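Here is a short briefing on one model. Look over the sequence and the structure, then read the points below.

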Amino acid sequence: MATDVTPTRKNLMQIEDRIELSERGHDTLEQKRDGLIMEFMDILDQAQDVRSDMESQYTDAQQKINMTRAMEGDVAVRGAAAAIKENPEITMESKNIMGVVVPQIESTKVRKDLDERGYGLLGTGARIDETAEAFEELLETLVLAAEVETAMKKMLTEIETTKRRVNALEFTLLPDLYESQDYIESKLEEQEREEIFRMKKIKANKEAAEKEAAEREAAAAEAAQES
């Protein structure tokens, strides 16, 4: 790339401007990358906690519904499930984390009081209530898991994109610009040395010519005096 650049002071100034801009961009992207990684680690910790909660809650809910089926019967379980009048509602908004838009999922009407589940309290046992509570808790955790997992994937994608841009500047663009800068500076220095040598040579030739002319004038004057 360096040898393709015309070694002029104008091009040198332009390359220096590009270097300054690229260095600032590199520093900014590095800060963004580091900030994204810190945010990602926080989300990762949250995701691990949510996954752990989800696994334990799923196991608990499965154990409770299996026990309820065994004690109350499938008909009672299905009847209680079919009696629900209001289904959970999910709303999704978005939030910005260091320039990355991630989802913010809210759930309502997931947890219900006993009288909101629709089935009669006298016709069902306590195990059905416990099972309903277990699955309501699991559903809330699933909604949170969806939010956290999606945010984590988006953050990871942005981190990889930012890292590629940092590497492109650090290992490709900036080295090429530095190389071009060095090439132009060396060529300009070479041209300056050649110009200095040329001016010295012109000066020496001029002084030699002036000396020769002075010697001719002196010889002519001496010859005139002798005659």
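Leaving aside neighbours within four places in sequence, T131 is in contact with K64, I65 and T68 (contact means heavy atoms within 4.5 Å). This is a predicted model, in which local features need pLDDT of at least 70, side-chain atom pairs count only at pLDDT 80 or more, and totals for chains, interfaces and linings use all residues. Residues are numbered from 1 along each chain as its sequence is written, and side-chain values use heavy atoms, with hydrogens and water left out.

**T131**
- T131 lies in helix α3 (helices are DSSP runs of H or I with at least four residues, strands are runs of E with at least two, and both are numbered from the N terminus).
- T131 is buried, at a relative accessible area of 8% (buried means under 20%, exposed over 50%, partly exposed in between, with a 1.4 Å probe and protein chains only).
- A polar atom of the T131 side chain lies 2.8 Å from the backbone oxygen of R127.

**Helix pair α1 and α3**
- Two packed helices are described by the angle between their axes and the distance between the axes.
- The axes of α1 (residues 9-72) and α3 (residues 126-226) come within 4 Å and cross at roughly 165 degrees (axes are lines fitted to C-alpha atoms, for helices over the stretch in contact, and angles run from 0 to 180 degrees between N-to-C directions).
- α1 and α3 are therefore roughly antiparallel to each other (the label applies to angles over 145 degrees; under 35 is roughly parallel, 65 to 115 roughly perpendicular, and the rest oblique).
- By class, the contact of α1 with α3 has 38 nonpolar, 13 polar and 23 charged residues (Ala, Val, Leu, Ile, Met, Phe, Trp, Tyr, Cys and Pro count as nonpolar, Asp, Glu, Lys and Arg as charged, and the others, Gly among them, as polar).

- S22 lies in α1 and is buried, with a relative accessible area of 10%.
- Not counting residues up to four places away in sequence, S22 touches L169, L173, L174 and L177.
- L36 is also found in α1, and its relative accessible area is 0%, so L36 is buried.
- Beyond neighbours within four places in sequence, the contacts of L36 include I97, M98, V100, M155, E158, I159 and T162.
- The C-alpha atoms of L36 and A208 are separated by 72 Å, with the two residues 172 apart along the chain.

**M98**
- M98 is found in the loop between β1 (89-97) and β2 (100-108).
- Phi of M98 is near 55 degrees, a positive value in a residue other than glycine.
- M98 is partly exposed, with a relative accessible area of 36%.

Definitions and conventions: Polar contact = N/O pair within 3.5 Å; in protein donor to acceptor, adjacent residues only side chain to side chain.
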